[in-house]
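Visitor: Hi, I have a structure open and would like to talk it through. Could you walk me around?
Guide: Happy to, let's have a look together.

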Amino acid sequence: RFEMSLPVVIINPQSAGGATRDAWPKIASVLNQHFGSFKPEFTRSPGEGLQVAADAARKGARLIIACGGDGTISEVANGILLSGSPAELGILPSGTGGDFRRTLKIPSRTADAAKILSDGRTRQIDVGSVTFTNRNGEVETRFFLGVASFGMSADVIARVKEGNGTMSGSRLPKWLSGRLSFGVAMTETAVKNRPSRIVVQLDDDAERHMTVANLCIANARYFGGGMKIAPNAKLDDGAFDVVSIGDIGAARILANAPRLYLGAHLSIPEVGHALAAKISARPVKTADRIEIEVDGELPGYLPATFQILPKALRVRCP
């Protein structure tokens with residue numbers, strides 16, 4: 001299936017609300033011009049990027065490029081990591097959020113990203129591993145590159161996914177529709193959201209009971225369509241930045257939204273920040289179903305354990 005002398009590009013045609021499908025001929029032309037020859041592989045359903053990437057990595061592909069948004073990049077990274085191969089991840093942005101590429105400072109313009117794929121350096125970055133209860137009630141483990149979270153953020157992602165059809169079908173430009181859909185969803189969620197009562201353990205510390213509007217376990221700096229949730233996060237420090245937002249109410253959440261996007265929120269008294277390599281979280285009441293968000297996807301529920309895997313993935317960077 002793969003010519004292993006060529007880099008493999010895994011394209012999610014549904015990313016950016018389906019705009020990637022329409023834009024692909026132009027993207028391919030620009031990539032060929034600034035990067036060179038490659039082997040394209042299109043995904044047909046959610047989750048297929050993982051299988052295609054794992055297959056390519058096991059067959060010896062040395063560079064596997066994800067063309068899509070954060071979900072596509074996460075799938076391809078999961079495939080590479082599951083294969084156990086030293087294949088390198090490349091990123092060709094074409095999605096709504098673009099949060100992971102922001103931390104790596106990979107530009108959204110195809111020509112600029114293609115030049116980085118051609119001339120960039122290889123960097124070894126940390127990866128998160130999360131073990132949780134999936135929607136079938138089974139224990140599952142997956143990897144993540146950016147941020148895992150629960151509370152308001154999971155509700156925001158659910159609203160964005162529900163509204164993506166109408167939002168992306170509107171006359172708004174793509175770059176604005178992504179940001180606007182997150183903004184609208186955040187406003188709706190802040191008004192309706194109830195805080196989560198949880199028990200959290202960081203590394204070997206004692207368990208703590210907490211009431212939070214949101215809790216983020218961040219490997220990278222951004223989530224939620226450009227929100228700089230973990231402004232100090234480093235991709236190679238062997239630790240997560242754990243950012244908790246207490247039960248501060250809708251009005252204060254919305255009033256402080258600009259500070260969240262700018263990364264100036266850590267000084268708010270109800271916002272906590274810590275570094276940890278392992279985090280366990282569960283609901284105070286076992287009957288509570290608290291949904292988790294992982295790299296912009298909603299795979300399941302607490303209880304969950306998050307663990308850092310130092311320098312586990314090679315990535316092509318500027």
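Predicted model: local features only at pLDDT ≥ 70, side-chain atom pairs only at ≥ 80, totals over all residues.

Visitor: Thanks. Where does V271 lie, then?
Guide: V271 lies in strand β11, which covers residues 271–276.

Visitor: Is V271 buried or exposed?
Guide: V271 counts as buried, because its relative accessibility is 11% and the cut-off for buried is under 20%.

Visitor: Which residues is V271 in contact with, leaving aside neighbours within four places in sequence?
Guide: V271 is in contact with V243, S244, I245, H265 and L266. There is also G246, 25 residues from V271 along the chain, with 6.2 Å between the two C-alpha atoms.

Visitor: Let's zoom out. How many helices and strands are in the chain?
Guide: The chain has 9 helices and 14 strands.

Visitor: And what is the radius of gyration of the chain?
Guide: It is 19 Å, which agrees with the value near 20 Å that a compact globule of 318 residues would have. Along the principal axes, the C-alpha trace spans about 55 × 45 × 35 Å.

Visitor: What share of the residues is buried?
Guide: Buried residues account for 54% of the 318.

Visitor: What about contacts between residues at least 6 apart in sequence: how many join residues at least 24 apart?
Guide: That would be 75% of them.

Visitor: Changing topic to charges. How many positive and negative ones are there?
Guide: There are 38 positive and 31 negative charges, and their mean positions lie 5 Å apart.

Visitor: And how many salt bridges?
Guide: The structure holds 13. One of them pairs R123 with D236, where the closest N and O atoms are 3.9 Å apart.

Visitor: What does the R123–D236 pair tie together?
Guide: R123 sits in strand β5 (residues 121–134) and D236 in the loop between β9 (208–218) and β10 (240–246), so the bridge ties together parts 113 residues apart in sequence. R123 counts as buried at 19% relative accessibility, while D236 is partly exposed at 34%.

Visitor: Nice. Which residues do salt bridges with shared partners join into one network?
Guide: That network consists of E88, R314 and R316.

Visitor: On to helix α2. Which of its residues are buried?
Guide: In α2 (residues 48–58), the buried ones are E48, G49, V52, A53, A54, A56 and A57.

Visitor: And what do those pack against?
Guide: The buried residues of α2 pack against β1 (8–11), β2 (39–42), β3 (63–68) and α3 (70–83). After α2 comes G60, with a positive phi near 105°.

Visitor: Which residue other than glycine has a positive phi near 60°?
Guide: K105 does. K105 is in the loop between α4 (99–104) and α5 (110–119), and counts as exposed at 63% relative accessibility. K311 is not a glycine either, and has a positive phi of about 45°. K311 is found in strand β14 and is partly exposed at 45% relative accessibility.

Visitor: Last one: which residues does a cis peptide bond join?
Guide: L302 and P303, with omega about 5°. P303 has its place in strand β14, residues 297–317.

Notes. Residues numbered from 1 in each chain as written. Heavy atoms only, no water. Helix = DSSP H or I, 4+ residues; strand = E, 2+ residues; numbered from the N terminus. Rg over C-alpha atoms; globule rule 2.2 N^0.38 Å. Buried < 20%, exposed > 50% of the residue type's maximum accessible area, 1.4 Å probe, protein only. Contact = heavy atoms within 4.5 Å. Lys, Arg positive; Asp, Glu negative; His and termini not counted. Charge placed at Lys NZ, Arg CZ, Asp CG, Glu CD. Salt bridge = Lys/Arg side-chain N within 4 Å of Asp/Glu carboxyl O.
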